[in-house]
Amino acid sequence: MAATETLDTRLHTWARETPRQTFLVSPETRRTLSYGELHDFRQRLAAHYDAHGIAAGDAVAMLLGNGLAAAALFIGTMASARVIVPLNLLSQGAQLAYTIEHCDCRLVWTSAEHEARVREAVRGIDRAIEVCVIDPDSTDWLARASASSDTQAGADDIALLMYTSGTTGRPKGALLSHANLLHAAGNVARWHSLTPADRVLSALPLYHINGQVIATLTPFVSGGSIVAPRRFSVSTWWALATEHRCTWLNMVPTIIAYLLNAAADDPAGTASIRRRITGIRFGRSASAPLPAEHHRAFEALFGLPVIEAMGMT
């Protein structure tokens, strides 16, 4: 990876070399987002920010569940030299208001589902904040605008403002640069020997560092793809993995526990699953310690190696 590379230069590379390659699959809507479409969205998004006076380096927040819009805004905002601030969907009113005020954003992307919460949160903030309500399952709502200034970010420029959960006090903001994110995702891709042929199944939310770096940016850096259901469901997990030909699984210990409990209730079904998932190379568990007995049981039941990892925001 070149010292000057950014998320934008990587996106330009994929759009030029593999524009039709799928980047994201939204299983509920059966819609996909290709690298070429993601690059086109980034261009439209940069023009939108320019037209609304949101300059390079400015913070833009989003409160969105998994889907095409969230992934496109997450990468597109950073690639257009702005700073993305993913807001925690589980935040209570006071915490949400604090985070929006603290990050100094002037725009929040959200959906109809969360609009009332966002408008209530911004009501007491002493600056103008635009609340943009969009379709979370599409990127068509962003109209083509006049050409943008196409400001380029540098490798050391901030791309992501990630807030901690606030369990020990107010949420703390962690600033991550393009270089930080590319190195983190690139290291994971190298450790797991990921290529453009690889596809991950991950239901982890984009407000969490795992959902951001491991589930989204690691496939992006390696030129691969992600199947991103809105939320985890034990009843559909293996069907999604096989239907969409996933080659690895991104999990947390809670997901593994749910899958083990379901396997205990349906031994015959588990044997069938094991026969159907031979294309999956490994599972990855992070975000919390994985109990050793769960680690061993999962590998024995499903015949998949599980790599346990840890990281820091």
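A cavity is a set of grid points where a 1.4 Å probe fits but cannot get out, and the legends below use the word in that sense for a model that is predicted.

View 1. About 70 Å³ of space lies in the largest cavity, and the count of cavities of 30 Å³ or more comes to 1. The lining is made up of Leu24, Asn66, Gly67, Ala71, Ser202, Leu204, Leu206, Gly211, Ala215, Thr216, Ile226 and Ala228. Helix H7, which spans residues 209-222, gives the most to this lining, with 3 residues. Sorted by class, the lining of the largest cavity holds 7 nonpolar and 5 polar residues, with no charged residues among them.

**View 2. The largest pocket and its lining.** The space in the largest pocket comes to about 960 Å³. Its lining consists of 41 residues, and those that lie nearest the centre of the pocket are Asn88, Leu89, Leu90, Pro205 and Tyr207. At least two lining residues come from helix H4 (93-103), and at least two from strand S7 (158-163); H4 gives the most, with 3 residues. By class, the lining of the largest pocket divides into 18 nonpolar, 17 polar and 6 charged residues.

View 3. Helix H4, which contributes to the lining of the largest pocket, has as its buried residues Leu96, Ala97, Tyr98, Thr99, Ile100 and Cys103. The elements that cover these buried residues include S3, strand S4 (83-86), S5, H5 and S7. H4 is followed by Asp104, which has its place in the loop between H4 and S5. The phi of Asp104 is near 65 degrees, a positive value in a residue other than glycine. Asp104 is classed as exposed because its relative accessible area is 52%, and the cut-off for that class is over 50%.

**View 4. The two faces of helix H5.** In helix H5, residues 115-122, the buried residues are Val118, Ala121 and Val122. These three cover an arc of only 90 degrees around the axis, and they therefore lie on the same side of H5. The face turned away from that buried side carries the exposed residues Ala116 and Glu120. The buried residues of H5 pack against strand S3 (59-63), H4, strand S5 (107-110) and strand S6 (130-133).

View 5. Val122 lies in helix H5, and it counts as buried because its relative accessible area is 14%, where buried means under 20%. When residues up to four places away in sequence are not counted, Val122 touches Ile100, Ile129 and Val131.

View 6. Not counting residues up to four places away in sequence, Trp109 touches Leu45, His48, Tyr49, Val60, Ala61, Met62, Leu63, Leu64, Leu73, Cys132, Ile134 and Trp141.

**View 7. Ser193 in its loop.** Ser193 lies in the loop between helix H6 (178-191) and strand S9 (199-201). The phi of Ser193 is near 55 degrees, which is a positive value in a residue other than glycine. Ser193 counts as exposed because its relative accessibility is 51%, and exposed means over 50%.

**View 8. Thr254 in helix H9.** Thr254 is found in helix H9, which comprises residues 253-265. With a relative accessibility of 48%, Thr254 counts as partly exposed. The C-alpha atoms of Thr254 and Leu290 are separated by 8.7 Å, and these residues are 36 residues apart along the chain.

Definitions and conventions: Residues are numbered from 1 along each chain as its sequence is written. This is a predicted model: local features need pLDDT of at least 70, side-chain atom pairs count only at pLDDT 80 or more; totals for chains, interfaces and linings use all residues. Side-chain values use heavy atoms; hydrogens and water are left out. On a 1 Å grid over the protein atoms alone, a cavity is a set of points where a 1.4 Å probe fits but cannot get out, and a pocket is an open set with protein on both sides within 12 Å along at least five of seven lines; lining residues have an atom within 4 Å of a point. Grid points are joined across faces, edges and corners, and a volume is the space filled by probe spheres set on the points. Helices (H or I, at least four residues) and strands (E, at least two) are DSSP runs, numbered from the N terminus. Ala, Val, Leu, Ile, Met, Phe, Trp, Tyr, Cys and Pro count as nonpolar, Asp, Glu, Lys and Arg as charged, and the others, Gly among them, as polar. Buried means under 20% relative accessible area, exposed over 50%, partly exposed in between (1.4 Å probe, protein chains only). The arc is that of the directions from the helix axis to the C-beta atoms. Contact means heavy atoms within 4.5 Å.
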